[in-house]
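Have the sequence and the coordinates open as you read.

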Amino acid sequence: MDSFTEKVIKVIKSIPSGYVMSYGQIARVAGNPRSARQVVRILHSMSKKYNLPWHRVINAKGEIGIQDEEMFFTQKSRLESEGVKFKGKNRIDIEAYRYLADCEYDI
């Protein structure tokens with residue numbers, strides 16, 4: 001596993017209940033701000049293996065980006081159970097729920 005992947009996994013695991021991070025934000029904190037799509041791939045391929053709180057990762061607009069209806073509702077339900085409130089079907093106030101990971105700590 002490469003260093004960026006390891007850092008992404010650590011960042012995702014650090015997101016506390018009731019908070020979210022965007023794909024791009026995770027990529028920035030992990031040291032490669034232009035790798036949001038790689039974060040998506042890491043989530044897709046490693047969430048189960050590393051027990052990642054994948055539901056706490058959303059897009060930069062504050063929306064659930066999953067197209068699969070069942071997974072969409074799973075993600076929304078998990079976030080709601082943690083106290084995250086939605087505006088409409090799939091949008092949250094990302095600034096209210098954004099986890100501000102300290103970019104300076106050693107990930």
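K13 counts as partly exposed because its relative accessibility is 48%; on this scale buried means under 20% relative accessible area, exposed over 50% and partly exposed in between, with a 1.4 Å probe and protein chains only. Bear in mind that this is a predicted model, where local features need pLDDT of at least 70, side-chain atom pairs count only at pLDDT 80 or more, and totals for chains, interfaces and linings use all residues. Residues are numbered from 1 along each chain as its sequence is written, and side-chain values use heavy atoms, with hydrogens and water left out.

**Around K13**

K13 belongs to helix α1, which covers residues 3-14. Helices here are DSSP runs of H or I with at least four residues, strands are runs of E with at least two, and both are numbered from the N terminus. Setting aside neighbours within four places in sequence, K13 is in contact with Y50, L52 and P53, where contact means heavy atoms within 4.5 Å.

N51 sits in the loop between α3 and β2. With 66% relative accessibility, N51 counts as exposed. Its backbone is worth a look too: phi of N51 is near 50 degrees, a positive value in a residue other than glycine.

Go back along α1 and you reach V8, which at 0% relative accessibility counts as buried. Beyond its neighbours within four places in sequence, V8 is in contact with I26, A30, V39 and I42.

V39 and I42 also turn up among the buried residues of helix α3 (residues 36-46), along with L43. These three cover an arc of only 100 degrees around the axis, which puts them on the same side of α3; the arc is that of the directions from the helix axis to the C-beta atoms. An α-helix has 3.6 residues a turn, so residues three or four places apart point the same way. The cover over the buried residues of α3 includes α1, α2 (23-29) and β2 (57-58). Turn to the face away from that buried side and you find the exposed residues R37, H44 and S45.

I15 is buried, at a relative accessible area of 1%.

N59 is in the loop between β2 and α4 (69-81). Apart from residues up to four places away in sequence, N59 touches S22, Y23, G65 and I94.

Here are the C-alpha distances for the pairs that these residues form across the chain.

| Pair | Separation in sequence | C-alpha distance |
|---|---|---|
| V8 and I42 | 34 residues | 7.9 Å |
| I15 and R56 | 41 residues | 7.1 Å |
| N59 and S22 | 37 residues | 5.0 Å |

**Stepping back**

The protein as a whole has five helices and four strands, and from the N terminus on they run α-β-α-α-β-α-β-β-α. Among contacts between residues at least 6 apart in sequence, 60% join residues at least 24 apart.

How does the radius of gyration of the protein sit against that of a compact globule? For 107 residues such a globule would have a value near 13 Å, and the protein has 13 Å, which agrees. That radius is taken over C-alpha atoms, and the globule rule is 2.2 Å times the number of residues to the power 0.38. The C-alpha atoms fill a box of roughly 35 × 25 × 20 Å along the principal axes.

Buried residues make up 44% of the 107 residues. The protein exposes about 6500 Å², with carbon and sulfur atoms supplying 47% of it; accessible areas come from the Shrake-Rupley method with a 1.4 Å probe, and for residues only the protein chains shown count as cover.
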